[in-house]
Amino acid sequence: MHSNKRVLIISCYPIKDPLHGGQKRVAAVVEEYKKVFARVKYVAVFVREHYPVYDHDDIYLTGRWATAALHDHLTSDIRIGNAMVESPDLRRKLEALLRSYKPDIIQVDQCFPYIGLRQIIQDMGIRPKIIYNSQNIETVIKEDVMTIAGAADTDVAEALAIIEEVETDLAQHADLVAAVSKEDGEYYLSLGAKRYVLASNGIATLAHSPAAVAYWHKQFKAQGIDAIASFIGSSHLPNMQGMQQMIGLRLGFFPANTRLVLAGGVGRHLKQYFDYDNMLDSTFWQRAISVGFLSESQLSGLLEVSDVILLPIVKGGGSNLKTAEAILSGKKIVATTFAFRGYESHLTLPNIWIADTPEKFRAAITEALITPLKKRSKSQELQAQTVQWHYSLKQLVEEAVKL
Amino acid sequence: MTDAKQKIWIDVTDLSVWSGHFTGTQRVTYEMSLRFYEQISDVHFFAYNERARNFYEVDFGPINQTILASRMPAEAGKRPSGFHRPSPKAVLRTQSLKAYHNLPFRVKQQLTPARREQLKKAYRTFNSVSSRVKPRRQVISSAAVPGAPAVHFQKADIVVILGKPWDTMTFIDVLRDQKTAQPFKLVHLVYDMIPTFLPQVFGQPLPANYTKYMFEALALSDRVIAISKSTKQDVARFCREELLQTPKTTVVRLGDTPNGLTVLEDKYAPSGLKPGSFILCVGTIEVRKNHALLYAAYKEAQLRDLPMPTLVIIGSRGWYTGDVIYQFQHDPLLRHSVKILHGLSDEQVDWLYGNCAFTVYPSVYEGWGLPVAESLAKGKVCIASHASSMPEIAGDLIEYFSPYDAPACLALIQKYLSVDVRRAKEAEIQAKYKITSWDKTFAQVADAVSS
């Protein structure tokens, strides 16, 4: 499979040294495209203060557009989209890019860049094929984020109107829509898309550093911990909600020699939910450890030493990269049905507990911690391998080549 | 290698490091430990050494001896009648045994079993005789006996915690590690959950530390012994809210046997007090004991121009009481009606009990309420707060008030100022109140441990 076409991918964040799930997804798409397309260029239009590490093709906002996007973190992505047509400097750079690179295909990652980009394309009179690579249903996510942050109703309504309009435009007019789950795909069909391809989130092959594994073993052994259940997540709202709702702040159901290990922003941000005058909240850290932000090496080491991986996700769009990691790891998993969106076919694998109420979720954690790990068969192992990007993006790549 | 033979291990860390007057906790620990020592075979004692982060076997004998020595009267030869002093022979034997017990553990182990048993028996006899004396002051003995063997509990063992190890947070961590390695039976006596549910009446960081300790202790315990139904309910509530499994819980009744002293000689009267002219409030002067309610009741009496007896408050100072003590001591209309006394001798305390009109106990929360029980055991009327465990002590036998209702407290004080009313109630108490011996408490504890 090979194509001589030139692909331009535009997003709102750089992918140099990717950290969050969105960055990893786009970086994986770029890598997979490079295997089949003659030229692939990635350009991020972004706020430099939000992403200090970037590539030379990336374009950061300047002037008042930068200031506005920097300070309005709830809708900075919408502001980036608007800036593409409102900022003369930015528009000039994008027009120059389109003129010089002459993309056959433009892939918009998330809907936000398309807010401004569609106007530039129309004004330049060019007709590249458009791929909409969705990561979430953005209206749902944005409403939750803004509401919980206390944004004014009018601001929420205004932001949702913009996003709904551009998502609908993309669904109806893009040449190809990629969705991370069947539910998201169905949503785009309901907006008027003729079809969609499923491009679940995946992961790169896990490479465990022996030093990192040894480090974690030593740490936990020193504290008399025999088994750990890990929840790896950013402070992204759905992670926080899932943690509070499905696991909670009372961890007496964890056996005394086990711990909940929180990695990423979720542990740090959880602290704001404690009532320090309520002594019952003071026991949380008797059974929980927050290890903060970890390098890839430390993270993969933590996964390797985990007995159980927790996916208490109850909200949010898209599919969960952590689910893919958990599946590939071969560890015991306790998850919600929601967390397995996009990975439903893997639910037949052994060592997976699905629980959708807090009581059942906690009971499942306890059971998983004390239940021996079942060995996967060869075919089950092969099935688990398909969560890697190479497999999860296969349909997207094949369809993109056909455009 | 696992020793299949069951051993009972009693934690006496508190007793081995405590100094000063016994608190209620130390009193219970001592009374139970002593009876385990005297009545149960193959019982062992251990103490926690924080520096070494380990448990060490200790001999209860020297600990008991130190406690007994500290109970000796301050003014030798001036004990009231009825006080039983050990004979010179017994004292000599004690000194010999003390020398033996101070030998390094490994040296003692080299003595023949027969000789060791002989010495031990003689020592127990002495302790049994002399243990009737109420403690006055305890001197520290070291929990870390040089050369004592570290204790690693075995699966068949029963480990009993009677004291207050939450002062040393690593205690429970080490216990948890050992129980994970060898799942022995853990029996934990719980006095109350007050620091968890009423953190406002304690100084920091006690409430959080206590709560963390109890979280671990209840997670590990196979059986809990609660000192009241109220405490049992609080344990269950805690476990429910923390999503812990509630351990099987047995309620025991604490002993309230009088100390044997009956001191009515006025030479022990604190200055200015006349028999029958005052009411008594016994207990640590801390915010939880709610002396502020008594202040409010006395002020209300002034407003209504009601006659009030002198209020005698005895107890050492505890958490957050500076304000109320200041008010009592500097209120020009009250200061002569209130006496706040510390550091009294046993005889003085006993004189106060014997000569007060009645006692009052306005505490906002208790695990049990020993001053209520002690008052009744001495035949004295007690009017008490109806909070938590206190109604369990005497049921309908005495009258209660809300710890937040000063007029109700005042009304009961007024009621019992009547000599006739008081005499009638005292007769009823004499007839109906059943004193609980420490032996009976021990029988309940021993049952719970072995069940």
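Reply: Helices (H or I, at least four residues) and strands (E, at least two) are DSSP runs, numbered from the N terminus. By that count, chain A has 18 helices and 13 strands. This is a predicted model, where local features need pLDDT of at least 70, side-chain atom pairs count only at pLDDT 80 or more, and totals for chains, interfaces and linings use all residues. Residues are numbered from 1 along each chain as its sequence is written, chains are lettered from A and ligands numbered from 1 in the order in which they are written, and side-chain values use heavy atoms, with hydrogens and water left out.

Take helix 14 of chain B, residues 370–377. Of its 8 residues, 7 are buried (under 20% relative accessible area; exposed is over 50%, partly exposed in between; 1.4 Å probe, protein chains only). So helix 14 of chain B is largely enclosed by the rest of the structure. Which residues of helix 14 of chain B are buried? They are B:Leu370, B:Pro371, B:Val372, B:Ala373, B:Ser375, B:Leu376 and B:Ala377.

What do these residues pack against? Three helices of chain B take part: helix 13 (346–355), helix 15 (390–394) and helix 17 (419–432). Strand 8 (278–282), strand 11 (359–361) and strand 12 (382–385) of chain B do too. Just after helix 14 of chain B comes B:Gly379, with a positive phi of about 80 degrees.

Now look elsewhere in chain B. Strand 6 (residues 223–226) and strand 7 (residues 248–251) of chain B run parallel and pair over 4 bridges (pairing takes at least two DSSP bridges). One link joins B:Ile225 to its bridge partner B:Thr250 in strand 7 of chain B.

B:Leu243 is partly exposed, at 29% relative accessible area. Its phi is positive, about 60 degrees, although B:Leu243 is not a glycine. Most residues other than glycine have a negative phi, and most peptide bonds are trans. B:Arg53 also has a positive phi, near 50 degrees. B:Arg53 sits in the loop between strand 2 (43–49) and strand 3 (54–58) of chain B. Another backbone feature is the cis peptide bond from B:Gln204 to B:Pro205, with omega near 5 degrees. B:Pro205 lies between helix 8 (194–197) and helix 9 (206–220) of chain B.

Finally, see how the chains meet. 18 residues of chain A are in contact (heavy atoms within 4.5 Å) with 20 residues of chain B. Together the chains bury about 1,500 Å² (accessible area lost on being put together, 1.4 Å probe, summed over both). Carbon and sulfur atoms carry 60% of that area. On the chain A side, A:Met279, A:Leu280 and A:Gln286 lose the most area, together 37% of what that side buries. The interface has 1 salt bridge (a side-chain nitrogen of Lys or Arg within 4 Å of a carboxyl oxygen of Asp or Glu). B:Glu216 and A:Arg287 meet in a salt bridge at 2.6 Å, N to O.

Terms used:
Buried area is the accessible area (1.4 Å probe) that two parts lose on being put together, summed over both.
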